[in-house]
Amino acid sequence: MEQLVASPCCHPQMTLHEVLPAYASLGLGKFEVFTSWVKSAFGVKEGAAFYREMGRMHGVRFTSLHLPRIDDNIDMTLGQAIETVRFASHLGASIVIFKAASRELYKQAAPALLDEAEALGLT
């Protein structure tokens, strides 16, 4: 089970306080972080230390993180995504998942976002 990563999308109505112990009780020690749409979504403003402590309490590591989606307000959403890349690094995740509302927005945002991820050693 070392290679398996639990995803909150399997139980989107569960809060983080519910889902972490539930997955840990199944022997799953890795967790995929979402920043939207699931009730267990992480908030960057709470800080990485808050979530690392929650993970430590349940024996769970956060291995990947879904970034906020880039949309037509590219200046704001790209800024949020770059801030979340930094948060992912502090959290201990090694993978970030980049999303955009369109291919054109993806192409526009990719250089800055991927440069930041690469600088922090993230995939």
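This is a predicted model: local features need pLDDT of at least 70, side-chain atom pairs count only at pLDDT 80 or more; totals for chains, interfaces and linings use all residues.
Student: Which residues of helix α1 (residues 16-25) are buried?
Tutor: A residue counts as buried when its relative accessible area is under 20%. Seen down the axis of α1, the buried residues fall within an arc of 100°, so they line one face of the helix. An α-helix has 3.6 residues a turn, so residues three or four places apart point the same way. The buried residues of α1 are Leu16, Val19, Leu20 and Tyr23.

Student: Against which elements do the buried residues of α1 pack?
Tutor: The buried residues in question are Leu16, Val19, Leu20 and Tyr23. The elements against which they pack are β1 (30-33), α2 (48-58) and β2 (61-66).

Student: At what angle do α1 and α2 pack?
Tutor: The crossing of α1 with α2 is right-handed, and their axes are 9 Å apart. The angle at which the two helices pack is about 35°.

Student: Which residues in α2 does α1 meet?
Tutor: From α1, the contact involves Leu16, His17, Leu20, Pro21 and Ala24. The residues of this contact, taken from both helices, divide into six nonpolar, three polar and no charged. The residues on the α2 side are Tyr51, Met54, Gly55 and His58.

Student: Where does Trp37 lie?
Tutor: Most residues other than glycine have a negative phi. Trp37 has a positive phi of about 60° although it is not a glycine. Trp37 is also exposed, with a relative accessible area of 56%. Its place is the loop between β1 and α2.

Student: Are α2 and α3 roughly parallel, roughly perpendicular or oblique to each other?
Tutor: The axes of α2 and α3 are 9 Å apart, and the helices pack at an angle of about 40°. An angle under 35 degrees would count as roughly parallel, and one of 65 to 115 as roughly perpendicular. The arrangement of α2 to α3 is therefore oblique.

Student: Which residues in α3 does α2 meet?
Tutor: The crossing of α2 and α3 is right-handed. On the α2 side, the contact involves Ala48, Tyr51 and Arg52. By class, the contact has four nonpolar, one polar and one charged residues. The residues on the α3 side are Phe87, His90 and Leu91.

Student: How far apart are the C-alpha atoms of His66 and Ile97?
Tutor: His66 lies in strand β2 and is buried, with a relative accessible area of 12%. Leaving aside neighbours within four places in sequence, His66 is in contact with Glu32, Val33, Phe34, Thr35, Ile97 and Lys99. His66 and Ile97 are 31 residues apart along the chain, and the separation of their C-alpha atoms is 4.6 Å.

Student: With which residues is Asp71 in contact, leaving aside its neighbours within four places in sequence?
Tutor: Asp71 lies in the loop between β2 and α3. At 26% relative accessibility, Asp71 counts as partly exposed. The residues in contact with Asp71 are Thr77, Ala101 and Leu105.

Student: How are α3 and α4 oriented to each other?
Tutor: The axes of α3 (residues 74-91) and α4 (residues 103-119) come within 10 Å and cross at roughly 30°. Angles under 35 degrees count as roughly parallel. The orientation of α3 and α4 is therefore roughly parallel.

Student: Which residues of α4 make the contact with α3?
Tutor: The crossing of α3 and α4 is right-handed. On the α3 side, the contact is made by Ile74, Leu78, Ala81, Ile82, Val85 and Arg86. Taken from both helices, the residues of the contact divide into ten nonpolar, one polar and two charged. The residues of α4 are Leu105, Gln108, Ala109, Ala112, Leu113, Glu116 and Ala117.

How values were computed: Residues are numbered from 1 along each chain as its sequence is written. Side-chain values use heavy atoms; hydrogens and water are left out. Buried means under 20% relative accessible area, exposed over 50%, partly exposed in between (1.4 Å probe, protein chains only). Helices (H or I, at least four residues) and strands (E, at least two) are DSSP runs, numbered from the N terminus. The arc is that of the directions from the helix axis to the C-beta atoms. Contact means heavy atoms within 4.5 Å. Axes are lines fitted to C-alpha atoms, for helices over the stretch in contact, and angles run from 0 to 180 degrees between N-to-C directions. Angles under 35 degrees count as roughly parallel, over 145 as roughly antiparallel, 65 to 115 as roughly perpendicular and the rest as oblique. A crossing is left-handed if the near helix is turned anticlockwise from the far one by less than a right angle, and right-handed if clockwise. Ala, Val, Leu, Ile, Met, Phe, Trp, Tyr, Cys and Pro count as nonpolar, Asp, Glu, Lys and Arg as charged, and the others, Gly among them, as polar.
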